[in-house]
Amino acid sequence: MNNPRYWASQWYATKFDEEPWPGGWYWHDQQYNWHGPYETERDAAVALKGHLEQEREASDAHERTRPQFELYYHPLSTYSQKVLIAIYEKDLVFKPHIVNLMAEREREQYRKIYPLGKIPLIVLNHGPLIPESSIIIEYLESLGGAPLISANTDVARKTRFKDRFIDFYLTDSVGTLFSESRKPESERDKRKIERARYRSKAVYDFLEYELSESEWANGDEFSLSDCAAGAAFCYAAKYMPYDGYPVVSAYAERLAERPSIRRVREEVEARWHSQA
Ligand SMILES: N[C@@H](CCC(=O)N[C@@H](CS)C(=O)NCC(=O)O)C(=O)O
């Protein structure tokens, strides 16, 4: 065979007999650089295969580190924590934008992106905005990683219910108790505080019963509702202790041990220290 061409993918090994190169077998890369000479066609083909594998690995590594979306959030925001827990569970890559809503200019700037000024928010590469933590997590399901919403519609409905229940009646109530606690005693709204305590207690009562035989909020699989609880329980015990709720208390400990939640709480700690 004189000077044969062997196609391997779009690149090939070929044999040159004459100058300018020493005779032997060669392969060329994407930039048309020739590599060789090799003694045999097989040696050239093996070297070419190695090169293509290296290129594929480099491209896979690049894909794995390429942000899949942008996230506007703050490490101290409970609803941001809920989404971060889901992101860490799924091991997704994102471009972070920390938004400090306490800073007026930053808040105004952020409202140009999302007029309601609420975090978290994700922005997809091709433009659309996805606000609302639960809807964001629904979207994250399409990006792969560990599923957080069951394919079984009945299980999924219960997961979504617990997510909403925890958000509306625990997270928001803990938020109220926190903001009221920062006011001087005389300015506190007693009715608001009472309602927040009543609602938080209703969530604890429900979880105390519901979790008595399961590891996570919706059975034995960690799910969307645990993302909500992992975030709510970050501050809940301080304003609404688990006294008299042994099951809730044990669940809170399991949540605290979960690597995704530990990571989120380490970021909370780091943020507090950097602000101190
Ligand atoms: N229902 C929304 C709630 C988001 C929310 O209230 N985020 C808080 C931070 S944890 C916020 O943006 N607060 C600023 C504001 O209400 O203006 C969700 O689930 O994402």
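Visitor: Where is P120 placed?

Guide: This is a predicted model, in which local features need pLDDT of at least 70, side-chain atom pairs count only at pLDDT 80 or more, and totals for chains, interfaces and linings use all residues. Helices (H or I, at least four residues) and strands (E, at least two) are DSSP runs numbered from the N terminus. P120 is placed in the loop between α3 (104-113) and β7.

Visitor: What is omega of the peptide bond that joins I119 and P120?

Guide: Most peptide bonds are trans. The bond joining I119 and P120 is cis. Its omega is about 5 degrees.

Visitor: Which residues surround the ligand?

Guide: A residue is near a molecule if one of its heavy atoms lies within 4 Å of it. I119 and P120 are both among the residues around the ligand.

Visitor: How many Å separate an oxygen atom of the ligand from an N or O atom in the side chain of S133?

Guide: A polar contact is a pair of N or O atoms within 3.5 Å; within protein, one must be able to donate a hydrogen and the other to accept it, and residues adjacent in sequence count only if both atoms are side-chain atoms. A ligand oxygen is 2.8 Å from a side-chain N or O atom of K118, and a ligand nitrogen is 2.8 Å from a polar backbone atom of I119. For a ligand oxygen and an N or O atom in the side chain of S133, the distance is 2.6 Å.

Visitor: What is phi of E132?

Guide: E132 is in the loop between β8 and α4. Most residues other than glycine have a negative phi. E132 has a positive phi, near 75 degrees.

Visitor: Within what arc do the buried residues of α4 fall?

Guide: Helix α4 (residues 133-140) has S133, S134, I136, I137 and L140 as its buried residues. The arc is that of the directions from the helix axis to the C-beta atoms. The buried residues line one face of the helix, because seen down its axis they fall within an arc of 155 degrees.

Visitor: Which elements are included in what covers the buried residues of α4?

Guide: Contact here means heavy atoms within 4.5 Å. The cover includes both strands and helices, namely β5 (69-73), α2 (78-90), β7 (121-124), β8 (129-131), α5 (153-181) and α7.

Visitor: How many Å separate the centres of domain 2 and domain 3?

Guide: The domain bounds come from an automatic or database domain assignment, which also gives domain 1 (5-65). In domain 2, 17 residues are in contact with 25 residues of domain 3. Taken over C-alpha atoms, the centres of domain 2 and domain 3 are separated by 20 Å.

Visitor: Is T159 buried or exposed?

Guide: T159 is in helix α5, and its side chain reaches the backbone oxygen of V155 at 2.8 Å. Leaving aside neighbours within four places in sequence, T159 is in contact with L148, N218, S223, L224 and S225. With a relative accessible area of 1%, T159 is buried.

Visitor: At how many Å does the side chain of S214 reach the backbone oxygen of W216?

Guide: S214 is in the loop between α6 (190-210) and α7, and counts as buried at 16% relative accessibility. Beyond four places in sequence, S214 is in contact with G219, D220 and R254. The side chain of S214 reaches the backbone oxygen of W216 at 3.0 Å.

Visitor: What distance separates the C-alpha atoms of P259 and Y88?

Guide: P259 lies in helix α9 (residues 259-275) and counts as exposed at 56% relative accessibility. P259 and Y88 are 171 residues apart along the chain. Their C-alpha atoms are separated by 8.4 Å.

Notes
Residues are numbered from 1 along each chain as its sequence is written. Side-chain values use heavy atoms; hydrogens and water are left out. Buried means under 20% relative accessible area, exposed over 50%, partly exposed in between (1.4 Å probe, protein chains only).
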